[in-house]
Amino acid sequence: MFYVFYISAVVAVAATLLVVTRTHTVHALLYLVVSLLAAAMVFFTLGAPLAAALEVIVYAGAILVLFVFIIMMLNLGRHAVERERAWLAPSAWAGPTALCLILLAELFYVVASGGGAEAAAGATVGPKEVGQALFGPYVLGVELAGMLLLAGLVGAYHLGRREALGDSAGEGTQ
Amino acid sequence: MTAIPMEHGLALAAALFVLGLVGVLARRNIVFILMSIEIMLNAAGVAFVAAGARWAEADGQVMFFFILATAAAEVAVGLALVLQLYHRFHTVDADAASKMRG
């Protein structure tokens, strides 16, 4: 359990290094997913299971899917079939798969050893304590986070919408 | 079994943050810049969770959730800006938008 932290940390740093050095956006995204999953493993070994679950769901799930979606929108059209075939080449997914297999082996090890994070960190801070803190002393922060997300939603909608209006307005003035 | 020292968690956070900073400074593809910002935010979250684990308090994870909400809002607006840049300049090079009008 003790070494799971260090192996995950090495995987996270290696995957992040590969994110920064890739030239292809989709390859970098694959490594970014691995990096975030490794960070989730680090959170689990540090005794923060709720943060680990949210890292997987929100970061590796929602935010990265948004990135993939945008990249697919940017490259719409133009030799789509050949590009898909090139993306499925083993050299593209062999690296992320190898790093993921390390994390999977760690996951199996943790589950086999009883699934307790207590051994690695001094104590586990479970979801109950975090929830009580969130809706106790930090309730104002939760409200502010909700308002921030609403502002982000409105801003993204506005920016995404003005593109159509802006194009027609730009053509009109030219 | 000894506990993981907080310094090791903070060292991991520092390494991830520096990698993200290098990405922001070295890359000119705006999608890569956004990804590097995500890496840096995640590194800040790692630092908070490591510090929270050191004192076995929930505050570190609470701050991580706020970082998570900030990252979600930031990436939504940032990717909308990427789409705008692509539609205006037909490129994802951040230097294409280096000039202001007026």
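Trainee: Which residues line the largest cavity?

Mentor: General idea: rolling a probe the size of a water molecule over the atoms shows where empty space is left. Here, the lining of the largest cavity is made up of Leu46(A), Gly47(A), Ala48(A) and Val125(A), together with Val49(B), Gly52(B), Ala53(B), Glu57(B) and Gln61(B). On a 1 Å grid over the protein atoms alone, a cavity is a set of points where a 1.4 Å probe fits but cannot get out, a pocket is an open set with protein on both sides within 12 Å along at least five of seven lines, and lining residues have an atom within 4 Å of a point. This is a predicted model, where local features need pLDDT of at least 70 and side-chain atom pairs count only at pLDDT 80 or more, while totals for chains, interfaces and linings use all residues. Residues are numbered from 1 along each chain as its sequence is written, chains are lettered from A and ligands numbered from 1 in the order in which they are written, and side-chain values use heavy atoms, leaving out hydrogens and water.

Trainee: What volume does the largest cavity have, and which helix gives the most to its lining?

Mentor: The volume is about 40 Å³, counted as the space filled by probe spheres set on grid points joined across faces, edges and corners. Searching the whole structure turns up one cavity of 30 Å³ or more. H2(B) gives the most to the lining of the largest cavity, three residues; helices (H or I, at least four residues) are DSSP runs numbered from the N terminus. By class, that lining has five nonpolar, three polar and one charged residue (nonpolar: Ala, Val, Leu, Ile, Met, Phe, Trp, Tyr, Cys and Pro; charged: Asp, Glu, Lys and Arg; polar: the others, Gly among them).

Trainee: And which residues lie nearest the centre of the second largest pocket?

Mentor: Those are Leu37(A), Met41(A), Val56(A), Leu103(A) and Leu107(A), out of 13 lining residues. The second largest pocket holds about 280 Å³ of space, and its lining is 13 nonpolar, no polar and no charged. H2 (25-45), H3 (49-74) and H5 (90-112) of chain A each supply at least two lining residues, with H5(A) giving the largest share, six.

Trainee: Now packing: at what angle do H2(A) and H2(B) pack?

Mentor: Axes are lines fitted to C-alpha atoms, for helices over the stretch in contact, and angles run from 0 to 180 degrees between N-to-C directions. H2(A) and H2(B), residues 30-54 of chain B, pack at about 5 degrees with axes 11 Å apart, so they're roughly parallel (under 35 degrees; over 145 is roughly antiparallel, 65 to 115 roughly perpendicular and the rest oblique).

Trainee: How do H2(B) and H3(B) pack?

Mentor: Their angle is about 175 degrees, with axes 9 Å apart, which makes H2(B) roughly antiparallel to H3(B). Contact residues include Glu38(B) and Phe48(B) of H2(B) and Phe64(B) and Glu74(B) of H3(B). The classes are 16 nonpolar, four polar and two charged.

Trainee: And H6(A) against H3(B), at what angle?

Mentor: H6 (127-134) of chain A and H3 (59-89) of chain B pack at about 70 degrees, axes 9 Å apart, which makes them roughly perpendicular. Val130(A), Ala133(A) and Leu134(A) meet Gln61(B), Val62(B), Phe65(B) and Phe66(B): six nonpolar, one polar and no charged.

Conventions. Contact means heavy atoms within 4.5 Å.
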